[in-house]
Amino acid sequence: MLLNEPEPTVFPSKPELEIQPAGKNNRWLVNLMLFGLLFYFFFGQNLVYVAALLLVLLIHELGHYLVMKWFGYKGVRIYIIPLLGGLTTGQKTQYSKREWLGVVAAGPLPGILIGLALFYLNKDLQQPNIKTLWTTFLAINLLNSLPIYPLDGGRIIELLWFREDSLFRFIFGVVSVLALTLVIVVFSSPIMLLIPLSMVFNLIQEWKRFTIRRVLQQENISYTGDYSEISDLQYWTLRDAVLMKSPGKFPDAEAGQYRYSILEPILVQEVKNLLIFKYTGRLHPIEKILYMLLYTAMLMLPLAIVFL
């Protein structure tokens, strides 16, 4: 079914996004403590290991946080998800792949360097608690650096080699789900299988968006840019595409009828998810190779130092 762009005189303005008021976000600290309690309860680890794990998680997310603040992101917040990990978010309408690579790498890299420093420090001291600390720093951050999406290593690979609207990116997501499932089955607890399970749901949604973008591409309808930058015409056209792909999901909204729905906030989010961010500048192929070499060194050198 072909999309027809609506006439500019027959539809209202696109909904404005709610701006979260600035303020302190202390919930992450409560969730960090809850993370430790649940981890201790479910996995029966000793308190030293749980404390080391919380410290590693905190430093990892602070790395993302500080670099995002350095680059001028707004509304930067840390979220701790009990048993699953952490997430740092922020808003910025324009940035380059180089900048985002720095943000992504700022999570695991400090932890790897701290782990190596503690490893060398403990060569002479031979303290079991320090050994627990350096092994936790290295294990968690090296695991996070594996080329599996949505781990930071996977995000680096995706940034370097895949367009956001490409089929190869979707295939990489499928391979990541299978690889992460295997890693969890071999090295972790079955409860962690919630992560690849949630990824399967996200992949289903991503496949729907991929098919919508193919239709938009065939009809030369733009789907790039930030939500704040798109026109009213573009919003309602993309909204029509979402509705045509999801019949029955929004009972009080219909493609071609340009009035607000009671479910408009959900439709706004669907349109936002459909949009592809347009990075400023481009990475030269030589740059990609250099970044790839640095990433490989970040992943492999610590293993060589510890085990060789």
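**Salt bridges and helix packing**

Colleague: How many salt bridges does a search of the whole structure find?

Modeller: The search finds 8 salt bridges, each being a side-chain nitrogen of Lys or Arg within 4 Å of a carboxyl oxygen of Asp or Glu. This is a predicted model, in which local features need pLDDT of at least 70 and side-chain atom pairs count only at pLDDT 80 or more, while totals for chains, interfaces and linings use all residues. Residues are numbered from 1 along each chain as its sequence is written, and side-chain values use heavy atoms, with hydrogens and water left out.

Colleague: With which residue does R239 form a salt bridge?

Modeller: Its partner is E264, and the closest N and O atoms are 2.9 Å apart. The pair links distant parts of the chain, 25 residues apart: R239 is in helix α9 (residues 232-245) and E264 in helix α10 (residues 264-274). Helices here are DSSP runs of H or I with at least four residues, numbered from the N terminus.

Colleague: Is R239 buried or exposed?

Modeller: R239 is buried, with a relative accessible area of 0%. E264 is buried as well, at 5%. Buried means under 20% relative accessible area, exposed over 50%, and partly exposed in between (1.4 Å probe, protein chains only).

Colleague: Now the packing. At what angle do α2 and α3 pack?

Modeller: Helix α2 (residues 47-70) and helix α3 (residues 97-105) pack at about 150 degrees, with their axes 7 Å apart. That makes α2 roughly antiparallel to α3, a term for angles over 145 degrees. Axes are lines fitted to C-alpha atoms, for helices over the stretch in contact, and angles run from 0 to 180 degrees between N-to-C directions.

Colleague: Which residues make that contact?

Modeller: H64, V67 and M68 of α2 meet W100, G102, V103 and V104 of α3, contact meaning heavy atoms within 4.5 Å.

Technical notes. Helices (H or I, at least four residues) and strands (E, at least two) are DSSP runs, numbered from the N terminus. Angles under 35 degrees count as roughly parallel, over 145 as roughly antiparallel, 65 to 115 as roughly perpendicular and the rest as oblique.
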